[in-house]
There are 2 protein chains.
Amino acid sequence: MIEESFYTQHSPFGAFASFTVGLVDSPGGFGHALRGAARQNIYVGFRAVANEEWQLLPFLSPPTSQETAFTGDTTTAQPPRGFRALRPTDYDRKLHWASDTWRADDARFGFSLLSPFGEVPDVEKLSRKAARFHFAPQVSGWIEYDNRKGAQPVELIFGVGNGNDTLRPLTDTSDSLLGFASGGAFGYATLPARGVTMRQGFDVLAPKYADYRGLLVIAGESALVFTVPAGQRKRFPLSLGFYSAGVITTGLPTTYAYTRYFKSLEDVLSYGLADHGQYVKLAAERDKELANSGLDVDQQFLIAQSTHSYLGASQLLWSNGAPLWVVNEGEYRMINTFDLTVDHLFFELAWHPWTIRNALDLFVERYSYRDQLGLSFTHDMGVNNFFTPVGHSSYECDEIDGCFSHMTMEQLLNWVLCAVTYAEHTGDRKWLVARKKILLACAESLHRRDDPKPGLRDGILKHDSSRCGKGSEITTYDSLDVSLGQARNNLYLAVKTLAGWVLLEKAFLKLGAKAAAQDAHATADLLAKTLSTKFEANTGFFPAVFEKDNRSRILPAVEGFVYPLFLGYTDAIDRSGRFSVLFGQLQQHITQALQPGICLDSGSGGWKMSSTSTNTWFSKIALAQHVIRRLFPEAMNEAARSADRVHANWQRLPGCGVDAMCDQIRSDSGITCGSRYYPRGVTSFLWLSE
Amino acid sequence: MIEESFYTQHSPFGAFASFTVGLVDSPGGFGHALRGAARQNIYVGFRAVANEEWQLLPFLSPPTSQETAFTGDTTTAQPPRGFRALRPTDYDRKLHWASDTWRADDARFGFSLLSPFGEVPDVEKLSRKAARFHFAPQVSGWIEYDNRKGAQPVELIFGVGNGNDTLRPLTDTSDSLLGFASGGAFGYATLPARGVTMRQGFDVLAPKYADYRGLLVIAGESALVFTVPAGQRKRFPLSLGFYSAGVITTGLPTTYAYTRYFKSLEDVLSYGLADHGQYVKLAAERDKELANSGLDVDQQFLIAQSTHSYLGASQLLWSNGAPLWVVNEGEYRMINTFDLTVDHLFFELAWHPWTIRNALDLFVERYSYRDQLGLSFTHDMGVNNFFTPVGHSSYECDEIDGCFSHMTMEQLLNWVLCAVTYAEHTGDRKWLVARKKILLACAESLHRRDDPKPGLRDGILKHDSSRCGKGSEITTYDSLDVSLGQARNNLYLAVKTLAGWVLLEKAFLKLGAKAAAQDAHATADLLAKTLSTKFEANTGFFPAVFEKDNRSRILPAVEGFVYPLFLGYTDAIDRSGRFSVLFGQLQQHITQALQPGICLDSGSGGWKMSSTSTNTWFSKIALAQHVIRRLFPEAMNEAARSADRVHANWQRLPGCGVDAMCDQIRSDSGITCGSRYYPRGVTSFLWLSE
C-alpha cells in the first residue's frame with residue numbers, strides 16, 4: 001500500500017477555476033486562472049463538542065495569526081491550534097469520476113466535493129434555465145456526520161484561511177446564504193439552518209473577538225460550523241463558487257459566458273444550493289458509469305483524475321455575441337494549444353462536440369496562416385488570457401531547432417483530423433460543406449510539405465516551414481529527445497499523416513469532391529508504401545526518424561490510427577486490408593517495443609514514449625494503450641498490462657500529485673518534469689470504448 | 001553613515017496602487033490594494049555594450065528560469081545572470097517629496113520615479129481634461145545615461161520579471177506604446193523611439209528564443225532596452241500604470257473614479273507619456289517646496305516617505321453618481337479609519353479639502369449610530385474593499401477591554417474636530433449650516449458621555465458606550481499600554497475633548513447658536529479646571545489615566561491643542577489666557593517627559609508616546625513635535641531635538657523600510673511592530689507650517 005497524497009482540481013465547467021485540495025499537509029482552495037494550487041488553508045473536519053480537539057483533514061500548513069499586526073504584542077496572539085491534522089491512515093479517500101470523498105471516524109464523518117459534468121448542448125441553442133445549470137461557476141459539496149449512535153453533539157467545520165487577505169460574510173449581502181466571500185471573486189456558502197453558524201477570527205478554531213454579529217471581519221480565517229445533535233445523522237450542502245465579471249482577456253476581449261446567466265457570486269452560490277440535488281444526481285450518474293465500466297481501479301482513477309484537471313482548464317467565453325471555447329494548457333496556460341485540442345477531441349465529442357467546431361472555426365478565422373508551402377495553423381491562440389495577434393501563437397519562435405520552434409505540419413494535420421472527426425462523428429454536414437475550401441487547401445498544403453514537385457512526393461513531410469528560418473519544425477513531442485521532437489522524416493508524424501489522408505478521402509467523398517478523394521486515397525497508399533520501406537528488417541523496428549541513422553524506438557508510431565479506429569473506418573484498420581504490410585510491421589515494432597529496457601522503463605515498469613528518453617507523457621501513453629489494445633492486442637504482454645498500477649501510482653504520490661494531473665513524467669522516478677495541472681490526460685476517456 | 005535600505009511606495013492619486021521598490025536585494029513592483037510590496041523582480045540598470053555585464057539596481061531576488069517547465073530539461077535552462085546587483089555604496093539615492101532618484105556610475109546613470117501631487121479641485125467641479133491629469137492612475141518615471149564622454153554605446157534597461165505570471169506586449173494592442181502589461185491591470189511603457197527595443201524571455205538579460213516580433217510571450221520576464229550612443233546624453237520617459245475596471249467593492253458597490261476618464265490601461269499609459277512633462281514639472285515644484293522649507297534633511301525625508309505611503313493608500317471611488325473618498329489603513333486596509341482621517345486632516349486641507357467633507361458626510365449617512373448616550377460614529381467603514389453594514393465598523397468588537405473594542409468617544413470627537421476644522425479652514429459655511437443638527441447632537445452626546453446628569457459633569461469622559469457591553473471603550477492608541485488605550489478618564493482624550501468644545505464654541509457662534517456656544521465655552525472652562533486638579537504637584541506630571549494610581553507619562557497630553565493651533569484660535573492657545581493654569585502644568589509635564597528614560601528612549605533617543613511602553617508611533621510623534629515646538633518650545637531640549645535623525649533612520653533601515661512608511665515602532669530597536677505600509681505619517685506635513 002502506498003500512502004496517497006495528491007491534489008485534485010474540483011472545477012465547474014468552463015470557468016477556468018478550481019477548488020484544489022488533497023495533497024497531504026498542504027493548503028489549496030479557490031484558484032482562478034492559476035498554474036497550480038492556491039495557498040489557502042482549508043479547515044474541514046469534526047470534533048466531539050466535549051472533546052475540544054478538532055480532527056481536520058490535512059488541507060493546511062501550520063497557520064499563523066495576524067493578531068500581532070494589530071496588537072503589536074507577540075505574547076498574546078497564537079496561531080490556530082487545538083486541532084489534529086488527520087494522517088492518511090486515519091481516513092479513506094475515494095476519487096470517482098465526478099466526486100472526491102473523504103471518510104473518517106469509522107466512516108461517520110464524510111466530506112465530498114462534486115464536479116458533475118454531462119452532455120452540454122450547444123450553448124447557442126440552450127435555454128436560460130439549462131444554461132444556468134450547465135454553466136454555474138460553482139462546485140457542489142457536502143459535509144456530514146452520522147451521530148446516530150453518539151451520546152453527545154458533534155461539530156463539523158468547513159472553513160477557509162486566506163492568510164494575507166480577508167473574506168467578507170455573505171450574510172451582509174444576502175438573506176439566504178451563510179458563508180464567506182473574497183470580494184466578488186470567490187466564496188463558499190451553505191443554506192441557513194438550525195445548528196449552522198458562521199465564524200471569523202485570527203484563530204477560527206477558537207475566536208477571541210466577536211463583533212455585533214459574532215465575527216471579526218478584519219481577520220483572515222473564516223468558517224461555517226455545523227452541529228449534529230446526538231442521535232442524528234446530518235448532511236449539509238456546500239456551494240463553492242467563482243465569479244469574474246467584465247472583460248477578462250486581452251488581444252481579443254471576451255467575458256465569461258456565465259456572466260450572461262448569473263449576475264454575481266451570490267447569485268451563483270444561491271443557485272448552486274438551490275439545485276444541489278440535481279448536481280448530486282448528475283455526479284452520481286457519472287460515478288456509476290465509470291464504476292461499472294469494467295476498467296480496473298487504476299484505470300478508473302486515471303480517468304477520474306484526468307477529467308478533474310480537464311474541467312479545471314476549461315473556459316467558456318463570450319466574444320462579439322458568440323461563444324468562444326478555450327481549454328487552457330495547464331501550468332503553461334496557453335490558449336487552445338492545438339496539439340491538445342486534438343487529444344481532447346474524443347472527450348469533447350462525447351460531451352460537448354460544439355466546442356471542437358468552435359475552436360476549429362477560430363483557428364481558421366484568426367489563427368491560420370500561409371507560409372511558402374501553403375495553409376497551416378498556429379500552435380496556440382495565446383497565453384494567460386492574452387490572445388496573440390492574428391496568425392501567430394504565443395509559443396512558436398524562429399530560427400531554432402527543438403523546443404519553441406514552429407509546429408506547422410503538426411497543426412495542419414490537427415486541423416484536418418479534428419475537422420473530419422468532428423463532422424463524421426456528429427454528422428454536421430452543413431459545417432463540413434462550409435469548410436470544404438479549407439479542407440482542399442489543407443490537402444494541397446500537405447502535398448507541398450511532402451514536396452512542392454509532385455513527382456518527388458512519397459507522402460512524408462520533408463520540407464520545413466519558412467517560418468522556421470534556418471531552424472526546423474518540431475512536433476507536439478517537443479521536449480522528448482530528437483526521436484519525437486523533429487517533424488521532418490518523423491515516424492510518428494508520418495503515420496499521423498496517413499490518418500490525415502484516410503480521413504480526407506472520406507470527407508471529400510461526402511463533399512462530392514471525387515478527384516480529391518481519389519488523390520487522398522492514392523496518397524495514403526503511397527505513404528503506407530513509403531513507410532514500409534523504412535522498416536528495419538534486421539531489427540524488426542521502425543526508426544523514429546528517417547534520418548541520421550536514428551535508432552530510437554517509439555510508441556507513438558501507432559498514434560495516428562486512433563482516428564480511423566474511432567470513426568470505425570474498417571477498411572483502414574483491417575489488418576489484412578489495404579495497409580496490411582504496414583500493420584504487420586507495426587505489430588512487430590510495438591510487440592518488441594513493449595519490453596523492459598525499450599519502451600517499458602526497466603526500473604518502474606512504466607510505459608515510455610521513446611526508448612531513448614525517460615520523459616514520458618501520460619496522455620500519450622493512454623492513447624497508445626487504446627490503439628494497441630484495439631489494433632495490436634497481441635503486443636499487450638503481462639509487463640505492459642501491469643503498468644496501469646505504475647501510471648496510477650505516479651499520480652497518487654506527491655511526485656505528480658503536488659500539481660494534480662501531470663502529463664510529463666520521468667519514467668524512472670515517477671516525478672513530473674513538465675505539463676503540470678494538465679488537461680490532456682482525458683485521452684484516457686477512450687478506454688471506456690474498449 | 002548607515003546603509004540605507006527601504007521601500008518607498010510610488011503611487012498615483014486615488015488608485016490604491018503602488019509601484020514599490022527600494023529595499024536592497026528585494027523584489028517589488030506593481031501592487032494594487034496590497035498590504036505590502038509586490039514580489040516582482042524589477043530590472044533597472046545599465047551596461048557598456050562592449051562589457052556584457054549589466055549593472056542593476058538591487059530591486060530583485062535571484063530570479064529563476066521557467067524554461068525547464070517547458071523543456072523538461074534542467075541542464076539547459078538557467079536563471080537570468082550576467083548582471084551585478086549594485087551595492088548601496090555603488091549608488092546614490094535621493095528621496096524627495098515627489099521624486100525618488102537613483103544615480104550611479106559617477107552620476108552618469110540615473111533612474112527616477114515621480115509621484116507628483118498638487119491641489120486637486122473638487123472632483124465634481126473638474127473639467128474632463130483636469131480630471132485626466134489629476135486622476136491618471138500612473139506613476140511617471142525616467143531612465144537616463146550621460147554618455148557624452150563615452151566612446152562606446154551604453155544600454156539601459158527597465159524591466160519586470162513577473163515569475164509565475166506572464167506579461168503581454170503592448171505593441172499588440174497599441175501603435176504608440178512600447179512596453180508590457182499584465183492583462184488590463186498594470187503595465188509599463190515608453191514612447192517608440194530610435195534605440196528603444198522590447199524584450200521578453202526566460203532570461204531577459206540574454207533571451208534565447210525570439211518569435212516573429214523578437215519576443216517570447218510565454219516567458220515571465222520582460223523589459224525595455226534603450227541604447228545611448230557614444231557622445232550623447234539621453235533620458236527616456238516611463239509610465240507605470242494601473243487599471244481596475246468595474247465594481248471593485250462589496251457592501252457598497254463602487255468603481256474607481258478614474259474609470260470615468262480613462263477607458264483602459266493603454267489609455268492611461270498613453271496619457272502618462274503624453275503629459276509626462278507636466279508631471280515632471282509638478283513633481284519638481286513639490287520637491288523644491290520641501291527642499292526650501294528650512295526643515296532639516298531628516299525631517300524632509302520623513303515628510304517625503306510619509307507622503308509617498310499616504311498616496312499609496314488613497315482611493316477615489318464613484319458610487320451612485322458621486323465621488324466616494326477613501327484612505328485605506330495601510331497593512332490593515334480598513335476603509336477610512338476615522339482616527340486616521342483626523343490625522344490626515346491637515347494634509348488633505350492643503351491639497352484636497354473636499355475629501356474631508358466627503359468622508360464626514362459618509363460617516364453621517366452610513367457610519368453613525370446612537371447608543372444609550374447619543375450620537376457617535378464607527379471606527380471605520382469596512383476592510384479590504386468591503387464596506388461593512390450601516391452603523392458598523394470592521395474593527396469594533398463587543399465585551400472586551402483593549403484592542404478591538406469600541407472607540408465611541410474617540411470617533412465622536414474626531415467628527416467634531418474634522419468638521420469644524422474643515423468648515424473653518426475652507427470657509428464652507430453652506431456645509432456647516434447643513435450639518436448644524438449633527439454638531440448639536442455631537443455636543444449633547446459629549447455631555448452625556450461625561451455624565452447623563454448635568455449636575456455630575458466635570459467635562460471628562462466617564463461613561464462607556466453600551467456597545468461595549470461589559471467591556472470598555474478604547475482610544476486610537478489601542479495597542480499601546482493601558483496609559484493610552486483606555487478611553488475613560490484618559491488624559492489624552494480629555495485634552496482632545498477640550499479642543500472639541502473650543503471648536504464647537506466657534507462653530508456654534510458662526511451658526512448663530514448662542515446658547516450652545518456659551519455652553520461649549522463653559523464646558524471647556526469646566527474641563528480645563530477639572531484637568532488641572534489631576535495634575536500631580538509632587539511629581540510635576542499628569543497621570544495618563546485618572547484611575548487606579550496610573551503613573552504613566554504620555555506625550556499626547558498636548559495632542560488636542562493642534563486643532564485650535566491650526567485654526568489660529570489665539571484665545572485658546574494663549575499661554576497667559578483662559579487656559580493659563582492648564583498650560584503651565586502641561587509645560588511642566590512635557591518638559592519633564594522629554595527626558596531620556598521617560599518619553600525619550602534611553603537607548604535610541606527616539607520619542608516614546610508613553611513612558612511605560614516601547615511601542616511608539618511616528619505619526620503621533622510628528623503631531624506632538626509640532627504642538628510642542630509651537631506651544632511649548634522651552635521643552636525642546638537638545639536630546640529631544642536630535643531625535644529627528646533617530647526617527648528618520650528607523651525608516652531608512654530595513655526594520656521599518658521593509659514595509660515602506662511604518663507607524664508603530666519599537667523605540668528600543670527601531671523595528672516596526674504594526675501599522676506598516678501606512679498613510680498616517682502625513683501628520684508631519686504640519687512641520688511645514690512651523
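Select helix 12 (residues 491–510) and helix 13 (residues 514–534) of chain A in this predicted model. A:Leu491, A:Ala494, A:Val495, A:Thr497, A:Leu498, A:Trp501, A:Val502, A:Leu504, A:Glu505, A:Phe508 and A:Leu509 of helix 12 meet residues of helix 13 that include A:Ala516, A:Asp519, A:His521, A:Leu527 and A:Leu531. Contact means heavy atoms within 4.5 Å. Helices (H or I, at least four residues) and strands (E, at least two) are DSSP runs numbered from the N terminus.

Local features need pLDDT of at least 70 and side-chain atom pairs count only at pLDDT 80 or more, while totals for chains, interfaces and linings use all residues. Residues are numbered from 1 along each chain as its sequence is written, chains are lettered from A and ligands numbered from 1 in the order in which they are written, and side-chain values use heavy atoms, with hydrogens and water left out.

Stay on the pair in chain A. The helices pack at an angle of about 160°, with their axes 8 Å apart; axes are lines fitted to C-alpha atoms, for helices over the stretch in contact, and angles run from 0 to 180 degrees between N-to-C directions. Helix 12 and helix 13 of chain A are therefore roughly antiparallel, a term for angles over 145 degrees.

Now select helix 12 and helix 13 of chain B. Their packing angle is about 160° and their axes are 8 Å apart. The contact includes B:Trp501 and B:Phe508 of helix 12 and B:His521 and B:Leu527 of helix 13.

Next, show helix 16 (residues 580–593) of chain B. At 1.5 Å a residue its 14 residues should span 20 Å, and the end C-alpha atoms are 20 Å apart, which agrees; the expected span is 1.5 Å times one less than the number of residues. Which residues are buried in helix 16 of chain B? They are B:Leu582, B:Phe583, B:Gln585, B:Leu586, B:Gln587, B:His589, B:Ile590 and B:Ala593. Buried means under 20% relative accessible area, exposed over 50% and partly exposed in between (1.4 Å probe, protein chains only). The buried residues pack against helix 12, helix 13, helix 15 (570–573) and helix 17 (618–631) of chain B.

Go to B:Phe363, in helix 7 (residues 354–365) of chain B. B:Phe363 is buried, with a relative accessible area of 0%. Not counting residues up to four places away in sequence, B:Phe363 touches B:Asn336, B:Phe338, B:Thr341, B:Ser368, B:Phe377, B:Thr378, B:Met381 and B:Trp415.

Return to chain A and pick A:Gln625 in helix 17 (residues 618–631). A:Gln625 is buried at 0% relative accessible area. Leaving aside neighbours within four places in sequence, A:Gln625 is in contact with A:Trp607, A:Asp644, A:His647 and A:Trp687. Of the 14 residues of helix 17 of chain A, 13 are buried, so the helix is largely enclosed by the rest of the structure.

A:Ser675 lies in the segment after strand 27 (672–674) of chain A, has phi near 55°, a positive value in a residue other than glycine, and is buried at 2% relative accessibility. B:Asp549, in the loop between helix 13 and helix 14 (562–567) of chain B, has a positive phi of about 55° although it is not a glycine. B:Asp549 is exposed, with a relative accessible area of 65%.

Terms used: Parallel < 35°, antiparallel > 145°, perpendicular 65-115°, else oblique.
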